[in-house]
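Colleague: I would like to learn how to read a protein model. Could you take me through a few features, one at a time?

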Amino acid sequence: MRVLLTGAAGFIGSHLSDRLIADGHAVVGVDNLSSGRLTNLAQLRAERRFEFVEADAAEPLSVSGPFDWVMHLASPASPPRYMRDPIATLRVNSEGTRHLLELARANGASFFLASTSEVYGDPQEHPQPESYWGNVNPIGPRSVYDEAKRYGEAVAMAYHGQYRVPLRISRIFNTYGPRMHPEDGRVVSNLIVQALHDQPLTVYGDGQQTRSFQFVDDLVEGIIRLMAVDYDRPVNLGNPVEWTVLELGQLIKSMTGTGASLVFEPLPVDDPRRRRPDIGLARELLGWEPQVPLEQGLRRTIEAFRAELASSARVEAGAS
């Protein structure tokens, strides 16, 4: 198949690009490099079936088809990043989604939307099944991402209903792994980078808020399996094992061997108290569930960050 993939230089997009190429497909990767990095695609530089286009997915793309799939992963995904550029976040998930749906329609291609667990907001139903409509503050600081993703799902469903564009929607829960940006701003990367610098590890609130962390390889496997079935409704892809943020901080502190302490800061506005996917549908529909335990995934992620930070330190030393 030939696949157009936006957000290809991002953390998840680059891993998905690797998998699609490994499976024998051709990929046209699109990214404006606002949060993605070309270093994430270095391993594909000589791959003849991979083409990179630097462009903003919020605008109509000048790319030549045909395509079998149009896959939309382009968007800042961490609160600090999407709050820093709220209009761009809204546009890529609203206007960008519509432009890409038009591209899929013109090519007779299937459309894949990377949605998010953030559509559930601060959930009042736990764990969260796909049937739960969510508890989102439409004017809160996180709404530029939450509501844009909810709109993205709505417009994708509208194109599917009116124009019969084949559709897949994944609601992605907290994902971590190698190639996360050191300044990404999400809890796993924050804590690891702080620990490797022997800086105090920041825990927000009392640390009792929960998250469910899936390793990126598990997510990519779920996406590939979702592409292979005929199902046009959202599917949760996440790890149902629930951890408190405090437990995560203590685990990373132990695994990195840092002597730094945990420090507590005020909880951000609208920060969800609990987040855990109900993956019953993914188990039944895809035969999928996460395989990588948190400790194993963290070990691989810590080593990747350690190597990247050491490389950056050598570059800085050489420049000086």
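Modeller: Let us begin with burial: a residue is buried under 20% relative accessible area, exposed over 50% and partly exposed in between, using a 1.4 Å probe and protein chains only. This is a predicted model, in which local features need pLDDT of at least 70, side-chain atom pairs count only at pLDDT 80 or more, and totals for chains, interfaces and linings use all residues. Residues are numbered from 1 along each chain as its sequence is written, and side-chain values use heavy atoms, with hydrogens and water left out.

Colleague: Is I169 buried or exposed?

Modeller: I169 is buried, because its relative accessible area is 0%. I169 lies in strand β6 (residues 167-172); helices (H or I, at least four residues) and strands (E, at least two) are DSSP runs, numbered from the N terminus.

Colleague: Which residues does I169 touch?

Modeller: Contact means heavy atoms within 4.5 Å. Not counting residues up to four places away in sequence, I169 touches L113, S115, E153, M157, L226, R233, P234 and V235. T301, in helix α10 (residues 294-319), is buried too, with a relative accessible area of 0%. Leaving aside neighbours within four places in sequence, T301 is in contact with Y176, G177, P178, I192 and F215.

Colleague: How do I read aromatic pairs, and how many does the structure hold?

Modeller: A pair of aromatic rings is described by the distance of the centres and the angle of the planes. Rings of Phe, Tyr and Trp (its six-membered ring) pair if their centres lie within 6.5 Å; planes under 30 degrees apart count as stacked, over 60 as edge-to-face and the rest as tilted. The structure holds 5 such pairs. One of them is the stacked pair of Y82 and Y145, at 4.6 Å centre to centre with 10 degrees between the planes. This pair links distant parts of the chain, with Y82 in helix α2 (residues 79-84) and Y145 in helix α5 (residues 143-163), 63 residues apart. Both Y82 and Y145 are buried.

Colleague: What are the distance and angle for Y120 and Y132?

Modeller: Y120 and Y132 are stacked, 6.0 Å centre to centre and 20 degrees between the planes. Both are buried, and together with F173 they form one aromatic cluster.

Colleague: How do α4 and α5 cross?

Modeller: Axes are lines fitted to C-alpha atoms, for helices over the stretch in contact, and angles run from 0 to 180 degrees between N-to-C directions. The axes of helix α4 (residues 95-107) and α5 come within 10 Å and cross at roughly 25 degrees. That makes α4 roughly parallel to α5; angles under 35 degrees count as roughly parallel, over 145 as roughly antiparallel, 65 to 115 as roughly perpendicular and the rest as oblique. The contact is made by T97, R98, L101, E102 and R105 of α4 and G152, V155, A156, Y159 and Y163 of α5.

Colleague: Finally, what about the backbone?

Modeller: Most residues other than glycine have a negative phi, and most peptide bonds are trans. Here, a cis peptide bond joins H126 and P127, with omega about -10 degrees, and the bond from G65 to P66 is cis with omega near 0 degrees. R164 is not a glycine but has a positive phi of about 60 degrees. R164 sits in the loop between α5 and β6 and is exposed, with a relative accessible area of 55%.
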